[in-house]
Amino acid sequence: MFFVTGAKNISQSGQINERRSIYQKFREVDLLNKKNTVTALKPGEDRAILLGLGMILCSFMMYFVLAITILRSYADSVWTEEGVCVVLNSTVTADMNCSYNCGSDCWRVSKYPCLEVYVSVNNTGRVSRLSHNEDTQDTSSECFYVPRCQKDSVAMHGVIINISERLKMNQQVTCYYDPSEQQETVLLTRLYDHSVVFHALLWPSCVLTGGALIIVMVKLTQYLSRLCDEIGKIKR
């Protein structure tokens with residue numbers, strides 16, 4: 001009877017030790033998998049953070065370029081008020097000289113007709129000269145439109161005549177004027193209006209938001225991983 005009881009105790013202790021060894025093996029495998037996962041995630045997280053920081057840096061560079069180009073021109077423009085202009089007179093006057101590139105260190109002179117357009121702003125009786133945009137105003141203070149200079153002066157003449165006919169057909173056009181009336185000239189279009197500025201700022205804002213979201217998601221993942229590890233230690 002004694003030998004039977006001893007044999008049972010030996011077999012039970014052997015089963016317990018075997019179960020413990022199996023549990024320890026599973027535990028070692030689990031810890032090894034966790035270590036491998038952490039080791040694999042660490043370089044990926046670093047690359048993701050670098051990507052986010054790179055996107056943020058690129059967005060700031062884009063903001064800087066926009067600030068010295070589009071935003072400066074938009075802020076310096078005095079033609080801020082939108083109104084309705086009634087075309088009073090559209091006349092082709094004298095020819096204007098322009099120069100075009102004909103090769104390396106070669107410039108030749110061509111001519112285009114000057115179209116002068118006078119309008120009444122908002123039916124107030126104020127007569128102003130109409131210009132196409134800010135560049136045209138800076139290039140020529142008299143002509144409504146300055147075509148791209150080329151050798152074929154007949155083609156440039158046809159462009160100006162076509163614009164003149166369209167203005168005669170459309171008596172009322174949307175225009176932009178200076179509310180302080182320091183500039184007597186009004187513009188048909190603005191180079192950089194609200195929509196242009198909005199679309200110019202949209203893309204760097206999207207890049208900045210995307211970079212910030214990447215960094216936030218990585219930090220959130222790291223926090224949740226540490227929280228899970230702490231919860232697992234408490235349960236053990």
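**Note on the predicted model**

1. According to the UniProt annotation (unreviewed entry), "transmembrane region" covers residues 48-71 and 196-218; such annotations may be inferred rather than shown by experiment. Residues 48-71 are 96% helix and 0% strand, with end C-alpha atoms 32 Å apart. Residues 196-218 are 100% helix and 0% strand, and their end C-alpha atoms lie 34 Å apart. Helices (H or I, at least four residues) and strands (E, at least two) are DSSP runs, numbered from the N terminus.

2. This is a predicted model, in which local features need pLDDT of at least 70 and side-chain atom pairs count only at pLDDT 80 or more. Residues are numbered from 1 along each chain, and side-chain values use heavy atoms, without hydrogens and water.

3. Beyond its neighbours within four places in sequence, Phe144 is in contact (heavy atoms within 4.5 Å) with residues including Leu115, Leu130, Ile163 and Leu188.

4. In H4, Met156, Ile160, Ser164 and Leu167 are buried (under 20% relative accessible area, with exposed over 50%; 1.4 Å probe, protein chains only). The buried residues of H4 pack against S1 and S2. On the other side of H4, Val154, Arg166 and Met169 are exposed.
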